[in-house]
Amino acid sequence: MDVHVRLDGQRDLSGQIYRQLRTAIHDGLLRPGDPLPPTRELSRRLAVARNTVGVAYERLVAEGYVDSRVGSGTYVRTTGLPVPGAATADGSTGSGLRPRALWAGLSPWAGAESFGATTAAYDLRVGLPDARLFPYEAWRPLIARESRLSAAGTAGYGDPAGHPGLRAALARHLGLSRGVRTGPDDVLVTTGTQQALDLIGRVLLEPGDRVAVEEPGYPPARLAFLAQGAEITRVPVDDEGLLVDAVPPDTRAVYVTPAHQFPLGMPMSLRRRTALLRWARQHGAAVIEDDYDSEFRFGGRPVETLRSLDRDGHVIYVGSFSKVMLPSLRVGFLVAPAPLRAALRTAKYTADWHTAVPTQAALARFVDDGLLARHIRRMQHTYATRHQTLTRTLTGHFADRIELVPSAAGLHVTAFTRGRLADPHALVDLARRARASGVAVHTLAEVAADRSARPGLVFGYGSIDARDMGPGLHRVFGSDRRLDG
Ligand SMILES: Cc1ncc(COP(=O)(O)O)c(C=O)c1O
C-alpha cells in the first residue's frame, strides 16, 4: 500500500515529507524491510521536484531510518532503528518534551518485574495466589454471559463508583467476613488496590503533604503517594505494628497494613490500632487501611479492622480481589468516609471512567451465589496446610539460619536471617544462586525496597504445593555450600 503524504503550503516541503515518513516508520505503518516509494513516483504524486523528495530520503538515510540500495531503491532498516523520542547527544529529545521533574524521578517498583510468569520449578514468590486452583468452571459462564450482554450493547458505560450489584455484594461480604458495617453507597470499585491508593492521594493530598508509611513497607503504596507530590515519612514497625508515637505531628495520612503487615507478616495489636485511631482523631489525619490478604487466617482470633473500630470517620478502608481471585483481574475497592465519596467518584471518572463492567458484573454474581465464600473456604484450607508445612520446615530444618516472624494470615511469611546470612551480600548471593537452581524467592530488601531492612527472606506459599516446600527450601539453603559444610 502506498504511504500517504500530505503537503501543506509551499514551505519546507522536504522537511514535511521527511517528518511524515519518519512518523510512519515509528508508528509501524512502514515496517522494517518495506520499500519507500521511488523518488520519481512520489515526486509525481506530490507534484514537487524530484530533488525535494531526494533531500527527505537522504535525511532519513543519514539518521538511520532507511537504507538506500543502488539500483534497487530505499528500504526501512531492519535493525537498529532509532527509538522514538530517544535522547540526542546533548541529552534533549527531538521534540523537547520532558516529564515534570517529579515524574522524572519516579519509576515502578523494581521488584514488580519479578511478579510476572515464571519458569521456576519452585515458586516461593510473595503474595501470589494459586492460579491453578482458580475456579474457572464456575467463573467461565459468568464472565461469558456478562461479556455477551456488554457486546449486545445493553450495558453502555457504567457508573464510576462501580457496578451496583457488586457494590451491594461487597457491602454484604465485608459485613460478614470483616465486620465492616457499610452500605452499597459507601463502596467504590477500583482497578486494584493500586488505583484505590492513587485516587485517595488525588483527593486528599496537596503537594508537599506528609504521608507516613510503614518501614519496612509496601513500595507501590509509597510510589502512589510520591506521585501526588507527597512527602513520605517512613515510620518503623515493631512486633505490634506501626510505632504510632513516631508519626510526625504534621502528617496528613497514615498508610498501614494492620491485618498482615507487609512484608513482615505480624498483625497490628489492638492496643496499637486504638492508639493510631486516637492519634488520627487528635491530628485530624486520615488512616488508609490496606486489608490486602486478610481473608486467609490460620489461627488466633481475628483482630477488628481499623474501619470497624473507627467511630468518627478517619479510616479509608481498601480491599482487593488480587489474593482471593487473581491479581490479573485488577479489581479492588475502597470504603471511604462520607465527605470524601463524591470527590473519589469524580477522581475515578477522570482516571478511567470505571472498572471493566463484565468483570464487575460477573464478580457480583460470583459473590451473590456464594461462590466466593466457597472458594475462600477451600483456599483457606489449602493455604493453612501450606503455611503449616512451610513454617514447620523452616523452624525444623533451618532454625540455625533464620528467625521466623510469627504470622498467622495471608500468603507469605518472613524470616530474618542470621549467622553468615546476616550479611546482606551473602544473602543476595544466596537468593541469586537459589534462582539459578530453579527456586524463585525474594529477599526482604527486594520486596520492601528498603536498604536498611534487617536481612531476611520472604517466602510466599500461594503458588507452591506443600510437598514441594521441603525440596524448594533445601535448594535455597543448600545452595549455600559453605553453610552446609
Ligand atoms: C500490601 C499490599 N497491598 C495490596 C496488594 C494488592 O494490590 P492490587 O490490588 O493492586 O493487586 C498487595 C499485593 O501483593 C500487597 O502486598
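**Close-up views of a predicted model**

**Figure 1. Q16 and its partners in the predicted model.** Apart from neighbours within four places in sequence, Q16 touches R6, L7, D8 and R11. Q16 itself belongs to helix α1. Is this glutamine buried or exposed? Q16 counts as buried because its relative accessible area is 11%, under the 20% cut-off. As with every view here, please keep in mind that the model is predicted.

**Figure 2. D12, a residue with positive phi.** Here we look at the segment before α1 (13-26), where D12 lies. Its phi is near 50 degrees, a positive value in a residue other than glycine. For context, most residues other than glycine have a negative phi. D12 is partly exposed, with a relative accessible area of 45%.

**Figure 3. W353, in the loop between α11 and α12.** This loop runs between α11 (338-352) and α12 (357-368), and W353 is found in it. What is the phi of W353? The value is near 70 degrees, which is positive, and the residue is not a glycine. The tryptophan is partly exposed: the relative accessible area of W353 is 30%.

**Figure 4. The cis peptide bond between E215 and P216.** The bond joining E215 and P216 is cis, and its omega is about 0 degrees. To find the spot, follow the loop between β5 (210-215) and α8 (219-226), the place of P216. If you are checking backbone torsions, recall that most peptide bonds are trans.

**Figure 5. The cis peptide bond from F262 to P263.** This view shows the bond from F262 to P263, which is cis with omega near 5 degrees. P263 sits in the loop between β8 (251-256) and α9 (270-283).

**Figure 6. Helix α6 against helix α12.** The axes of α6 (residues 164-178) and α12 come within 8 Å, and they cross at roughly 35 degrees. Which hand does the crossing of α6 and α12 have? It is left-handed. On the α6 side you will see G165, L166, A169, R172 and H173, which meet Q360, L363, A364, V367 and D368 of α12. Sorted by class, the residues of this contact are five nonpolar, three polar and two charged.

**Figure 7. Helix α13 against helix α16.** Helix α13 (residues 371-397) packs with helix α16 (residues 466-478) at an angle of about 35 degrees, and the two axes are 9 Å apart. This crossing of α13 and α16 is right-handed. Helix α13 brings T385, R386, T389, L390, T393, L394 and H397 to the contact, while α16 brings A466, M469, G470, L473, H474 and F477. How many residues of each class take part in the contact of α13 with α16? There are six nonpolar, six polar and one charged.

**Figure 8. Confidence along the chain, with a look at residues 481-485.** The average pLDDT of the chain is 91, and 94% of the residues score at least 70. Residues 481-485 have pLDDT below 50. Beyond near neighbours in sequence, this stretch has ten contacts in the model.

Notes: Residues numbered from 1 in each chain as written. Predicted model: local features only at pLDDT ≥ 70, side-chain atom pairs only at ≥ 80, totals over all residues. Heavy atoms only, no water. Axes fitted to C-alpha atoms, helices over the stretch in contact; angles between N-to-C directions. Helix = DSSP H or I, 4+ residues; strand = E, 2+ residues; numbered from the N terminus. Left-handed = near helix turned anticlockwise from the far one by under 90°. Contact = heavy atoms within 4.5 Å. Nonpolar A, V, L, I, M, F, W, Y, C, P; charged D, E, K, R; others polar. Buried < 20%, exposed > 50% of the residue type's maximum accessible area, 1.4 Å probe, protein only. pLDDT = per-residue confidence, 0-100.
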